[in-house]
Amino acid sequence: MTDTARARKLADRIRVVVAETLQRRIKDPRLGYVTITDTRVTGDLREATVFYTVFGDDEERAASAAALESAKGVLRSEVGRQTGVRFTPTLTFVPDALPENARTIDDLLAKARAADAQVRQAASGATYAGDADPYRKPEDAEDAEDATGDAADA
């Protein structure tokens, strides 16, 4: 049985070590503005998935992905040296989809705001389809008796 708390602690430590190492030791010119967003470690502590984002266009993302792949050995050895675990987990770098998802959500919210504005504009000069007060009110007592009397005669 694995200890999930230990896996979480190791994942947090790996995230910090990788981010610091990228900032201080890796001098690859292909490496752009990389942000390490999250790290997940398997239950057996053998594999670590490092999620990252890159500020820039698709070309800069591809260059940064290549730079991370080439620096994987240096990063793994630094993780092993600073964490002190028996088996240093293998690192897998995965681009984080969070910015694209956030952009999609922002676009959907903008569409919803535009649709709400159209509905608000259409409703501003609109009138009710029926009477101003659509609810029935109790009739006067005399009118009610006349209505029942007429129904009894028929």
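What covers the buried residues of helix α1 includes β1, β2, α2, α3 and β3. Here buried means under 20% relative accessible area, exposed means over 50%, and partly exposed lies in between, with a 1.4 Å probe and protein chains only. Helices (H or I, at least four residues) and strands (E, at least two) are DSSP runs, numbered from the N terminus.

The model is a predicted one, in which local features need pLDDT of at least 70 and side-chain atom pairs count only at pLDDT 80 or more, while totals for chains, interfaces and linings use all residues. Residues are numbered from 1 along each chain as its sequence is written, and side-chain values use heavy atoms, with hydrogens and water left out.

The protein chain has five helices and three strands. Read from the N terminus on, its elements follow the order α-β-β-α-α-β-α-α. Of the 154 residues in the protein chain, 23% are buried. Contact means heavy atoms within 4.5 Å. Among the contacts with a separation of 6 or more, 62% are between residues 24 or more positions apart.

Which residues of α1 are buried? They are Ala7, Leu10, Ala11, Ile14, Val17, Val18, Thr21 and Leu22. These residues cover an arc of only 135 degrees around the axis, which puts them on the same side of α1. The arc is that of the directions from the helix axis to the C-beta atoms. As a general point, an α-helix has 3.6 residues a turn, so residues three or four places apart point the same way. The face of α1 turned away from the buried side carries the exposed residues Arg8, Lys9, Gln23 and Arg24. The length of α1 can be checked too: its 21 residues should span 30 Å at 1.5 Å a residue, and its end C-alpha atoms are 30 Å apart, which agrees. The expected span of a helix is 1.5 Å times one less than its number of residues.

Ser64, Ala67 and Leu68 are buried in α2. Seen down the axis of α2, the buried residues fall within an arc of 100 degrees, so they line one face of the helix. Asp58 and Glu59, on the other side of α2, are exposed. The buried residues of α2 pack against α1 (4-24), β1, β2, α3 (72-83) and β3.

Next come the strands. Two strands pair if DSSP finds at least two bridges between them. The three strands form an open sheet in the order β1-β2-β3, with mixed pairing. The edge strands, each pairing on one side only, are β1 (33-41) and β3 (90-95). β1 and β2 (residues 47-55) pair in the antiparallel sense over eight bridges. β2 and β3 run parallel and are joined by six bridges. Tyr52 also has a bridge partner in β3, namely Pro95.

β1 and β2 form a hairpin with five residues between them. Leu45 lies in the loop between these two strands. Its phi is near 65 degrees, a positive value in a residue other than glycine. Most residues other than glycine have a negative phi. Leu45 is buried, with a relative accessible area of 14%.

Where do the helices and the sheet meet? The largest nonpolar core has 24 residues, and those with the most contacts inside it are Ile14, Val18, Leu22, Val41, Leu75, Leu91 and Phe93. A nonpolar core is a set of buried Ala, Val, Leu, Ile, Met, Phe, Trp, Tyr and Cys residues joined through side-chain atoms within 4.5 Å. The elements that give two or more residues to this core are α1, β1, β2, α2, α3 and β3. α1 gives the most, with seven residues. Ile14 touches Thr39, Val41, Ala48, Val79, Pro89 and Leu91, not counting residues up to four places away in sequence.
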